[in-house]
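The sequence and the structure come first.

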Amino acid sequence: MNDRLQAHWQTVYSTKAATSVSWYQPEPTVSLALIAACDTHRDTPRSAAIIDIGGGASVLVDRLIDAGYRDLHVLDIADAGLAVTRARLGLQADAVEWIIADITTWQPPAARFDIWHDRAVLHFLTIPAQRAAYFGALRSALRPGGFAILGAFASDGPQNCSGLPVQRYDAPDFAEALGPDFTLSEERRDTHHTPGSAVQQFQWVRLQYQP
Ligand SMILES: C[S@@+](CC[C@H](N)C(=O)[O-])C[C@H]1O[C@@H](n2cnc3c(N)ncnc32)[C@H](O)[C@@H]1O
């Protein structure tokens, strides 16, 4: 665990309203569409095991519960972000696994998840060794045939997020970083409007893991 990084995010979630941070979105429209598009070959689509990496205070898990998904996991380095979501969900929070971990050191259960979702977390990993650790965890955690849904600032997006430098991505950058075991199923660009009315360009990809 990177203590300084964890302290940064704990402070963010302890001092700012979840609805005021630049990445806040009232509806995770693109994420939900990309998740719905995944054919995970489970008995029912809603039995897919989904993990939201760096979920923080995002309402994605709320919407997935409402949609009937039952095998849900949210990981974040900052307990304070997850606490916001748990409080919002009330008793429904008991149906979700909450994981406090740094994604660059987390040891995931092998082949456990059908869908790995990440909005605006990977782009903070600006050091090659951090990205290698992230992609190692992703490969280990995903079932063969599972999907990685990744959203990061696009090449014409901001150079910083939450006061931290970011690495920006276009669709081919994700595919190149992940290598030939991942097939690009879909890509999208999205314009995010922050609560402060700034505009941020995101690049999204949906890739299938076929080792
Ligand atoms: C920009 S916010 C995005 C939050 C959420 N995905 C959303 O779309 O609302 C980045 C999130 O990633 C978490 N985070 C940052 N670095 C992390 C790391 N190394 N491991 C796990 N979580 C991390 C932060 O605590 C924060 O909740």
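A polar contact is a pair of N or O atoms within 3.5 Å. The model discussed here is predicted.

**Ligand contacts**

For glycine 54, a backbone N or O atom lies 2.8 Å from a ligand nitrogen. Isoleucine 103 likewise places a backbone N or O atom 2.9 Å from a nitrogen atom of the ligand. Arginine 119 takes part through its side chain, with a polar atom 2.7 Å from an oxygen atom of the ligand. The protein covers 98% of the 600 Å² of accessible area that the ligand has on its own.

| Residue | Protein atom | Ligand atom | Distance |
|---|---|---|---|
| Glycine 54 | backbone N or O | nitrogen | 2.8 Å |
| Isoleucine 103 | backbone N or O | nitrogen | 2.9 Å |
| Arginine 119 | polar side-chain atom | oxygen | 2.7 Å |

**Ligand site**

The site of the ligand is the largest cavity. The largest share, three residues, comes from H1. In total, 19 residues surround the ligand, and Tyr13, Gly54, Asp76, Ile103 and Arg119 are the closest. By class, the shell residues divide into 12 nonpolar, four polar and three charged.

Most residues other than glycine have a negative phi. Histidine 41 belongs to the loop between helix H2 (29–36) and strand E1 (49–53), while alanine 120 belongs to the loop between strand E4 (113–119) and helix H5 (128–141).

Are these two residues buried or exposed? Histidine 41 counts as exposed because its relative accessibility is 64%, and the cut-off for exposed is over 50%. Alanine 120 has a relative accessible area of 10% and is therefore buried, the cut-off for buried being under 20%.

**Glutamine 201**

Glutamine 201 is found in strand E9 (residues 199–209). With a relative accessible area of 17%, glutamine 201 is also under the cut-off and so counts as buried. The side chain of glutamine 201 makes a polar contact, at 3.0 Å, with the side chain of threonine 191.

Terms used
Residues are numbered from 1 along each chain as its sequence is written. This is a predicted model: local features need pLDDT of at least 70, side-chain atom pairs count only at pLDDT 80 or more; totals for chains, interfaces and linings use all residues. Side-chain values use heavy atoms; hydrogens and water are left out. A residue is near a molecule or strand if one of its heavy atoms lies within 4 Å of it. A polar contact is a pair of N or O atoms within 3.5 Å; within protein, one must be able to donate a hydrogen and the other to accept it, and residues adjacent in sequence count only if both atoms are side-chain atoms. Accessible areas come from the Shrake-Rupley method with a 1.4 Å probe; for residues, only the protein chains shown count as cover. On a 1 Å grid over the protein atoms alone, a cavity is a set of points where a 1.4 Å probe fits but cannot get out, and a pocket is an open set with protein on both sides within 12 Å along at least five of seven lines; lining residues have an atom within 4 Å of a point. A molecule sits in a cavity or pocket if more than half of its atoms lie within 2 Å of its grid points. Helices (H or I, at least four residues) and strands (E, at least two) are DSSP runs, numbered from the N terminus. Ala, Val, Leu, Ile, Met, Phe, Trp, Tyr, Cys and Pro count as nonpolar, Asp, Glu, Lys and Arg as charged, and the others, Gly among them, as polar. Buried means under 20% relative accessible area, exposed over 50%, partly exposed in between (1.4 Å probe, protein chains only).
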